[in-house]
Amino acid sequence: MASFWSCPCKVQHCQKTAERGKAQRDVLLVLYLRIGGEKRMERQGEPIEQILERYKGQNAFVVIEVLSVDPKTQKPLTGRVLAVTPDETEAGMAARKAKHFLIRWVGEIAEVVIV
Amino acid sequence: MPTIPFDARRRVIIVEAVAFALDGRPADLTVLVDTGAVKTGFRRSTLIGLGIDVDAATEFLRVSTASGSLEVPIFNLPQLRVFGAIFTNLSVLCLPLPPTVPADGVLGFDVLSKFRLFVNYRRGIVVAEPFNGIWHGMRFVWQAIWAL
């Protein structure tokens, strides 16, 4: 039975051309899916907890641009890192570039807090 | 959302809030519920991120803390959303909080006094309901009973 890509004329050269065409289409499809997937990842970012875990213990402020939020609770879900710096002013300036941001300290936490 | 969980193991009440810049950009914050603080304040990085020029303050306030007295600048925060309520043009302090304090700011009396508050430290639950009439009062009692 002729496949979807093969030519109905049954001539050998025609079938070969059809097979080549199918292979090319397969390559294009894989490329399309891969590039599309990377773009989606870029747009959606990385889970925020995962980002903070990666920088844990660095005694710095991590500035994150929030890329997606939980539709129910509005809590930030994913984002991308804009800056990692121990300087508060620098962290604030980096946050200005984001449409939606959060800044978290990833260093040691005070055992006793009296404010 | 009047019932808010917090991590009681941290031995401080830290809740989430959202502050908005003048152009509407939101910032997700963690804030300390500090019943001993008179005014609400945020750290420098947060205010800068919201587009406020912290070095151009015209108004200052002398505050007394556990570690001494200091003068801090006052700014106008366009919008703050906390415990489900929205505060607009809130006067806030720029606090020199050490980085080791696990929060972006402090909720003081000026904000907390707008709510009925109930805290269950053992379960790590805060019930906060604004003073908005009898319906909210009843809802607060109902939520507090559930949080017992």
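1. In chain B, B:L80 has B:F87 of strand 7 as its bridge partner. Strand 6 (residues 68–82) and strand 7 of chain B run antiparallel, with 8 bridges joining them; two strands count as paired if DSSP finds at least two bridges between them. Strands (E, at least two residues) and helices (H or I, at least four residues) are DSSP runs, numbered from the N terminus. The two strands make a hairpin with 2 residues between them, and B:F83 in the turn has a positive phi of about 50°.

2. This is a predicted model, in which local features need pLDDT of at least 70, side-chain atom pairs count only at pLDDT 80 or more, and totals for chains, interfaces and linings use all residues. Residues are numbered from 1 along each chain as its sequence is written, while chains are lettered from A and ligands numbered from 1 in the order in which they are written.

3. Strand 6 of chain B also pairs with strand 5 (residues 60–65) of chain B, antiparallel, through 6 bridges. Here B:T65 is bridged to B:G68 of strand 6. A hairpin of 2 residues links strand 5 to strand 6 in chain B.

4. Strand 7 (residues 85–95) of chain B has a parallel partner in strand 4 (residues 41–43) of chain B, with 3 bridges between them. B:R43 is opposite B:L95 of strand 7.

5. The contact between the chains takes 23 residues from chain A and 24 residues from chain B, where two residues are in contact if their C-beta atoms, placed from the backbone, lie within 7 Å. On the chain B side, strand 3 (26–33) and helix 1 (44–49) each supply at least two residues. Helix 1 of chain B gives the largest share, 6 residues. By class, this side of chain B has 13 nonpolar, 5 polar and 6 charged residues. Ala, Val, Leu, Ile, Met, Phe, Trp, Tyr, Cys and Pro count as nonpolar, Asp, Glu, Lys and Arg as charged, and the others, Gly among them, as polar.

6. Strand pairing also crosses between the chains: strand 4 (residues 101–105) of chain A and strand 3 of chain B are parallel, with 2 bridges. A:F101 is bridged to B:A27 in strand 3 of chain B.

7. Chain A has 3 helices and 4 strands, in the order α-β-α-β-β-α-β along the sequence. Of its 115 residues, 21% are buried, meaning that 20 or more other C-beta atoms lie within 10 Å of a residue's own, with C-beta atoms placed from the backbone. Among contacts in chain A between residues at least 6 apart in sequence, 52% join residues at least 24 apart.

Terms used
A residue is buried if 20 or more other C-beta atoms lie within 10 Å of its own, exposed if 12 or fewer, and partly exposed in between; C-beta atoms are placed from the backbone.
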